[in-house]
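I opened this entry to record what I looked up, step by step. The notes are for a reader new to the structure.

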Amino acid sequence: MPEIEFLQIFQGLATLLAAEPVIALARVALICLGIAFVYLGVKGTLEPLIMIPMGFGMSSVNAGVLALSATKTGTLFLDPIASDPAQLMDALQINFLQPIYTFSFSNGLIAVLIFFGIGVLSDIGYMLISPMRCMIIAIFAELGTVLTFPIAVALGLPLNEAAAIAMVGSADAPMVLYTSLLLARDLFVPITIVAYLYLSLAYAGYPYLVRLMVPKRLRGLVMETKSIPNISKGEKITFAVITSTLLSFLFPVASPLFMGFFLGIIIRESGVKPFIEFIGGPVLYGATFFLGLLLGVLFEASTILDPKVILLLILGITALLLSGIGGIIGGYVVYWMSGKTFNPVIGIAGVSCLPTTAKVAQKEARAANKFAIILPWAMGASVSGVITSAIIAGIYVSLLR
Amino acid sequence: MEAVWGAVKLMFFIYGLAAVLSLIVAWILKILFAAVQAQKARAVARNAAMVAPAAEDAEGDKTASQGSA
């Protein structure tokens, strides 16, 4: 019988013991963090659709490090830096998640697929109730997306990386992924993880911001629901075609996002049920699942040891906080413009975390006054927020790529 | 410091451009909606105008047939 070495059998343990102490500690910390994400996702504290696959991917990849050769360690999940054709062919045949990463993640397809799904779930009719008011709120709710940009530059980030992290303020995670892939490829993993992590927390944090900035009397302001016009499918489709074409014409670099979102809307309004069910179900949830899993798998110890990650964590929360404040200021602006008939809580829905922030707005209004129904306007502001975020993403990418 | 000042200027430009484009999108929507509503109103008015003479003709036929009986 050959001599058996204990550590030869359990290579994950062997690579942990052989690694530098900082790397070993970071691996253990990320395994624990991944398990915590799964727990908080299952419990419902964080968004389960993203956090369960992401947390599990994070803990698995940091546990499953093995010796690839006498001098090199790695995993059988994926190699994010393989770009040379021969190296890539090897990686595609060895790493089980490499095909999904190479053919859907690194080219932004997964973000566009999620945008298809968001489009199918979005009723643009809400925006047509009061397009100018919704758009004014959405513009204010981008305060974090623009203000964080010079702050990040002041903290030492180059312009492209500053723009990528500032996009967290749009509260639109697929958009953040797409922009960071184009602007700051080296940082897209931590930036996207920061975005998803904070967006999960936004659902818990924004109600406090609303209560802090809007008095109960105004939170419970009842709006006139009789004035909601009836909008036909033809009008919605015409709007989607015109807007998508115009925006793609202006910002070709962001045209995949525009196409994804507006095609989703057109499919929804066309009423082709098999397409609606396919895109709103398997495509959206499949893309979300693999996005979460791949983000988790990409979050290896070396990623968190990048000193920029702490900076990204600070800038990400700053961006979301500023956007929330901006949205509520926008709500107040429209409140004054409308002769005090518009509920300012709707402002928070301009932060385009569709439909989460719209639900937050409705919940807060309802808690203040059980007769306050603001969801249609809040959804309109949220849809406007998606469009405004895509415009800002297009400008950033066009200017700084 | 110069880089930060440059970023601040760029921020104002980006925010301004985004605001203008967003308002153009909202304006397109408003114009589109107004045009469709106007078209609907015209169609309703046209239908009403076509129904009125038809009703008058029917009334006239009825009177004629009663007269001939």
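My notes follow, from conventions to chains, helices and loops.

**Conventions.** I worked with a predicted model, where local features need pLDDT of at least 70, side-chain atom pairs count only at pLDDT 80 or more, and totals for chains, interfaces and linings use all residues. Residues are numbered from 1 along each chain as its sequence is written, while chains are lettered from A and ligands numbered from 1 in the order in which they are written.

**The two chains.** I looked up chain B by itself. Its secondary structure comes to 1 helix and 0 strands (DSSP runs: helices are H or I with at least four residues, strands E with at least two, numbered from the N terminus). Of the 69 residues in chain B, 16% are buried. Buried means 20 or more other C-beta atoms within 10 Å of the residue's own, exposed means 12 or fewer, and partly exposed is in between, with C-beta atoms placed from the backbone.

Next I checked where the chains touch. I found 26 residues of chain A in contact with 21 residues of chain B (contact: C-beta atoms, placed from the backbone, within 7 Å). On the chain A side, α9 (131-140), α10 (143-154), α11 (159-166), α15 (233-250) and α21 (375-400) each supply at least two residues. That side of chain A divides into 21 nonpolar, 3 polar and 2 charged residues. Here Ala, Val, Leu, Ile, Met, Phe, Trp, Tyr, Cys and Pro are nonpolar, Asp, Glu, Lys and Arg are charged, and the others, Gly among them, are polar.

**α11 and α12.** How do α11(A) and α12(A) pack, by angle and by distance between axes? I read an angle of about 175°, with the axes 9 Å apart. Axes are lines fitted to C-alpha atoms, for helices over the stretch in contact, and angles run from 0 to 180 degrees between N-to-C directions. So α11(A) is roughly antiparallel to α12(A). Angles over 145 degrees count as roughly antiparallel, under 35 as roughly parallel, 65 to 115 as roughly perpendicular and the rest as oblique. N160(A), A163(A) and A164(A) of α11(A) meet T179(A), S180(A) and L183(A) of α12(A).

A171(A) is in the loop between these helices. Its phi is positive, near 60°, though it is not a glycine. A171(A) counts as buried because 33 C-beta neighbours lie inside 10 Å.

**α3, α4 and α17.** Helix α3 (residues 21-43) of chain A reaches 33 Å from its first C-alpha to its last. Its buried residues include R27(A), L30(A) and F37(A). They pack against α2 (11-18), α4, α17 and α18 (301-304) of chain A. G44(A) follows α3(A), with a positive phi near 95°.

I then took α4 (residues 48-63) and α17 (residues 273-298) of chain A, whose axes come within 7 Å and cross at roughly 30°. The two are therefore roughly parallel. By class, their contact has 11 nonpolar, 5 polar and no charged residues.

Is K340(A) buried or exposed? K340(A) counts as exposed, because 10 C-beta neighbours lie inside 10 Å. It sits in the loop between α19 (308-337) and α20 of chain A, and its phi is positive, about 65°.

I373(A) is in the loop between α20 (356-368) and α21 of chain A. I373(A) is partly exposed, with 16 other C-beta atoms within 10 Å. Its C-alpha is 6.8 Å from that of M223(A), 150 residues apart along the chain.

Notes:
Contact = placed C-beta atoms within 7 Å. Expected span 1.5 Å × (residues − 1).
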